[in-house]
Amino acid sequence: QVQLAESGGGLVQPGGSLRLSCVASGRTLSGYDMGWFRQVPGKGLEFVVVIEPGTGGNIYYADSVKGRFTGSRDNAKNTMYLQMNSLKPEDTAVYYCNAQVLIPTVHDYWGQGTQVTVSS
């Protein structure tokens, strides 16, 4: 059974930085798309970034975080990261790690989430 565990959330002032980590266990996820999503109370899940598998895999960002957030993954450590800079109050949310593969069968895994609060 695959488990994803996020860490690194917390309280930070506007303009500050945080680095989230997502460690996977139970299976090597080097062939999976891995991504970050976020959610605020009362709203739906919002896409943040997705990282395709393989060396030099494409990385896609939501417009709202482009230029401020950087996604990366270390397949040797089965870990994904999200470096968040120039944080804004509207970045406040629970951040979830996701791993997904569609072929040959669908597998979709989620972490438990980590709270990020941007406030002065």
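Where does Pro104 lie? Pro104 is located in the loop between S9 and S10. The model described here is predicted.

- Strand S9 covers residues 93–101 and strand S10 covers residues 107–110.
- The two strands, S9 and S10, run antiparallel and are joined by four bridges.
- One of the pairings involves Asn98, whose bridge partner in S10 is Trp110.

- Thr105 belongs to the loop between S9 and S10.
- With a relative accessible area of 43%, Thr105 is partly exposed, because that class lies between the 20% limit for buried and the 50% limit for exposed residues.
- The side chain of Thr105 makes a polar contact of 3.1 Å with the side chain of His107.
- Val106 is also placed in the loop between S9 and S10.
- Val106 has a relative accessible area of 57% and is therefore exposed, the cut-off for this class being over 50%.
- Together with Leu102 and Ile103, Val106 makes a nonpolar surface patch of about 350 Å².

**The disulfide**

- One disulfide is found in a search of the whole structure.
- This disulfide is formed by Cys22 and Cys97, with their sulfur atoms 1.9 Å apart.
- The link of Cys22 and Cys97 is left-handed, with -65 degrees about the S-S bond.
- Cys22 lies in strand S3 (residues 18–25) and Cys97 in strand S9, so the pair ties together parts that are 75 residues apart in sequence.
- Both Cys22 and Cys97 are buried.

- Arg68 is found in the loop between strand S6 (59–61) and strand S7 (69–74).
- Because its relative accessibility is 11%, Arg68 counts as buried, the limit being under 20%.
- A polar contact of 2.7 Å links the side chain of Arg68 to the side chain of Asp91.

- Most residues other than glycine have a negative phi, and most peptide bonds are trans.
- Asn78, which is not a glycine, has a positive phi of about 55 degrees.
- Asn78 is placed in the loop between S7 and strand S8 (79–84).
- A relative accessible area of 13% means that Asn78 is buried.
- Ser86, likewise a residue other than glycine, has a positive phi near 50 degrees.
- The position of Ser86 is in the loop between S8 and S9.
- Ser86 counts as partly exposed because its relative accessibility is 41%.

Methods: Residues are numbered from 1 along each chain as its sequence is written. This is a predicted model: local features need pLDDT of at least 70, side-chain atom pairs count only at pLDDT 80 or more; totals for chains, interfaces and linings use all residues. Side-chain values use heavy atoms; hydrogens and water are left out. Buried means under 20% relative accessible area, exposed over 50%, partly exposed in between (1.4 Å probe, protein chains only). A polar contact is a pair of N or O atoms within 3.5 Å; within protein, one must be able to donate a hydrogen and the other to accept it, and residues adjacent in sequence count only if both atoms are side-chain atoms. Two strands pair if DSSP finds at least two bridges between them. Patches are made of residues with over 30% relative accessible area and no salt bridge: like charges are joined within 9 Å, nonpolar side chains (Val, Leu, Ile, Met, Phe, Trp, Tyr) within 5 Å. Accessible areas come from the Shrake-Rupley method with a 1.4 Å probe; for residues, only the protein chains shown count as cover. A salt bridge is a side-chain nitrogen of Lys or Arg within 4 Å of a carboxyl oxygen of Asp or Glu. A disulfide is a pair of cysteine sulfur atoms within 2.5 Å.
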